[in-house]
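Please look over the structure shown here before reading on. The briefing that follows takes up its domains and then one of its strands.

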Amino acid sequence: MRYVMVLDNIAKDITRDGVADLGEGYEKTDDISTADAVLVRASDIHGLDLGASVRCVARSGAGVNNIPLEECAERGIVVFNSPGGNSNAVKELVVGMMLANSRNVLGSIDWVRANARNPDIVRAAERTKKAFVGHEVAGRKVGVVGLGAVGSKVANALIHLDMDVYGYDPYLSVEHAWQLSRNVKRVDSLEELCHGADYVTLHVPSKEDTVYMMDAPQLKLMNPGGMLINYARADVIDEDDVADALESGQLGTFVCDFATPKTVRMPHAIITPHMGACTNEAEENCARMAVSEMRDYLELGTIRNSVNYPDCDMGPIRGGGRFAALHANVPNMIGQISAVIAASSVNIERMRNEAQGKNAYTLVETDAPLDRETYDRLRAIEGIYRVRVITPAITSHRE
């Protein structure tokens with residue numbers, strides 16, 4: 001039996017007794033010291049003692065700022081997220097906010113509410129409506145920064161609105177490139193994307209090369225009175241530069257999903273309370289994805305969508321035994337692992353090694369199970385963080 005600790009109320013409609021339904025061989029636990037896996041959405045687990053039994057953490061959602069990634073990696077704990085599970089929800093909201101704010105819909109609604117007691121509101125509305133004249137988006141240039149799960153969907157939707165769509169993503173994956181409309185014009189620099197843009201919408205993670213990527217030089221390249229939309233991460237914009245651009249009129253509207261002490265005081269800013277992915281469908285999609293990733297890892301050693309270890313998939317178990325080694329990405333690790341197995345007289349039938357930055361993952365299938373002494377020798381290799389025996393859910397083995 002494997003035990004899962006659920007730290008948030010995740011997607012009720014796919015849960016059973018409060019735990020996401022992983023199927024036979026899994027039970028919920030409230031004791032972290034007995035948990036094989038942790039399922040989390042919003043809870044901050046920095047400082048939480050995950051215990052020696054925890055093999056993985058699965059985040060129901062894309063962001064992982066609430067998880068200590070490096071600490072987990074060095075303890076051989078794989079951290080998963082759910083990229084793309086909420087992409088349609090974010091796409092719909094971004095497109096909707098773009099359209100609504102191009103027509104000053106919110107301002108017009110506020111006027112109606114403020115004049116609700118006016119007995120002559122019909123004629124007053126006819127006289128006032130010209131104050132809310134906006135513009136159509138068709139034919140206007142829009143720059144989409146980041147063409148991943150969300151950005152590619154946004155770009156494709158804007159194509160269908162007859163906009164002139166430009167995309168910038170130096171790390172565009174093959175998968176998302178195939179999904180992207182051929183009418184999206186890809187550019188090689190953020191400057192080219194911003195030049196003459198009426199709209200810029202951001203869809204990138206928070207990384208060293210994206211923090212404060214939208215600042216004064218980029219904003220000055222946009223058409224005066226343009227709209228900036230940030231439903232990515234709070235720190236991918238320079239808040240002071242955005243505030244200055246709004247004050248000067250260089251930027252006409254700022255739409256943002258991050259209420260901070262600075263954004264909420266900006267003029268001509270429409271701020272939502274981090275609700276981009278808050279739909280029932282998105283929460284269910286992310287929960288299902290997190291559960292699937294967790295189960296595949298525990299039962300097969302398969303890694304998909306990890307943020308601290310590389311992807312690795314060897315398919316179903318075919319040999320007599322399978323184990324996973326989570327280790328530092330250093331020379332001769334494969335040689336040392338192979339030498340220990342050779343000394344046990346067990347034959348390696350399949351082996352796969354993948355590396356990601358400082359960390360690496362080796363999945364090995366043998367013609368017979370290894371004995372405890374061999375596993376102890378594997379764990380003694382310098383740079384090995386953890387060795388996991390891969391077993392089916394019902395006959396879980398405590399590694």
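The domain assignment, whose bounds come from an automatic or database source, divides the chain into domain 1 (1-84 + 280-308), domain 2 (86-96 + 136-271) and domain 3 (309-391). This is a predicted model, in which local features need pLDDT of at least 70 and side-chain atom pairs count only at pLDDT 80 or more, while totals for chains, interfaces and linings use all residues. Residues are numbered from 1 along each chain as its sequence is written, and side-chain values use heavy atoms, with hydrogens and water left out.

**Domain 1 and domain 2**

- The C-alpha centres of domain 1 and domain 2 lie 31 Å apart, and five residues of domain 1 are in contact (heavy atoms within 4.5 Å) with five residues of domain 2.
- Between them, domain 1 and domain 2 bury about 450 Å², with 52% of it on carbon and sulfur atoms; this buried area is the accessible area (1.4 Å probe) that two parts lose on being put together, summed over both.

**Strand β17**

- Strand β15 (residues 321-328) pairs with β17 in the antiparallel sense over eight bridges, where pairing requires at least two DSSP bridges, and F323 has V364 as its bridge partner in β17.

Terms used:
Helices (H or I, at least four residues) and strands (E, at least two) are DSSP runs, numbered from the N terminus.
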